[in-house]
Amino acid sequence: MPESASSRPTVLLLNGPNLNLLGERDPAQYGATTLADVEKRVTDLGAKLGVSVECAQSNHEGVLVDHIHRARLLDGIVLNPGAFAHYSIALRDAIDAVDTPCVEVHISNVYAREPFRHTSVTAPVVQGYIAGCGVAGYELGLRAVLHRIEEARS
Ligand code: DQA
């Protein structure tokens with residue numbers, strides 16, 4: 001059981017490849033909000049909801065796997081795997097290997113985009129999935145993972 005299980009939950013907000021460029025990358029698709037702004041918004045919401053939020057981003061598959069393994073000591077994960085959602089079996093297996101509830105977030109509606117984005121290898125192993133809500137999806141993701149954490153504690 002995670003150390004924090006009896007008290008204030010801690011959630012990892014984890015972003016995958018290219019999401020460090022939020023705000024400048026394809027704003028028509030992803031909006032003008034930067035990753036730093038997203039992290040602040042989610043951290044602030046966490047403070048209101050009584051959740052500590054740890055933020056991380058990597059462009060590297062193995063580093064993301066390491067973060068997911070580390071989240072065994074935490075209570076929840078809000079994950080935007082970026083393009084890895086569409087083909088990374090390593091990421092899928094990492095999510096599946098840990099008991100920590102994970103909610104997957106995509107800023108864009110991947111199902112309204114190119115066919116290669118319609119495949120998700122991670123979606124079958126997460127406890128919630130949010131797509132197409134813009135960057136507000138991250139805040140919804142935090143609320144959704146908190147719901148899963150509370151459900152597991154009751
Ligand atoms: C994304 C969707 C992915 O298809 C894409 O590769 C991304 C961003 C999203 O948040 O909408 O990098 O995960």
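**Ground rules.** I number residues from 1 along each chain as its sequence is written, and I leave hydrogens and water out, so that side-chain values use heavy atoms. Because the model is predicted, local features need pLDDT of at least 70 and side-chain atom pairs count only at pLDDT 80 or more, while totals for chains, interfaces and linings use all residues.

**Ligand.** I looked up what surrounds the ligand (a heavy atom within 4 Å) and found Arg 25, Tyr 30, Asn 80, Gly 82, Ala 83, His 86, His 106, Ile 107, Ser 108, Val 110 and Arg 117. Sorted by class, this shell has 4 nonpolar, 5 polar and 2 charged residues, where Tyr counts as nonpolar and Gly as polar. I then checked polar contacts (N or O atoms within 3.5 Å): an oxygen atom of the ligand lies 2.7 Å from a side-chain N or O atom of His 86, another entry puts a polar side-chain atom of Arg 25 at 3.1 Å from a ligand oxygen, and for Ala 83 a backbone N or O atom lies 3.2 Å from a ligand oxygen. Of the 320 Å² of accessible area that the ligand has on its own, the protein covers 99%, by the Shrake-Rupley method with a 1.4 Å probe.

**Helix pair.** I read helices as DSSP runs (H or I, at least four residues), and found H2 (residues 35-49) packed against H5 (residues 136-153) at about 35°, with axes 9 Å apart; the axes are lines fitted to C-alpha atoms over the stretch in contact, and angles run from 0 to 180 degrees.

**Glu 39.** I placed Glu 39 in H2, where it touches Leu 13, Cys 55 and Ala 56 (heavy atoms within 4.5 Å), not counting residues up to four places away in sequence.

Methods
Helix = DSSP H or I, 4+ residues; strand = E, 2+ residues; numbered from the N terminus. Polar contact = N/O pair within 3.5 Å; in protein donor to acceptor, adjacent residues only side chain to side chain.
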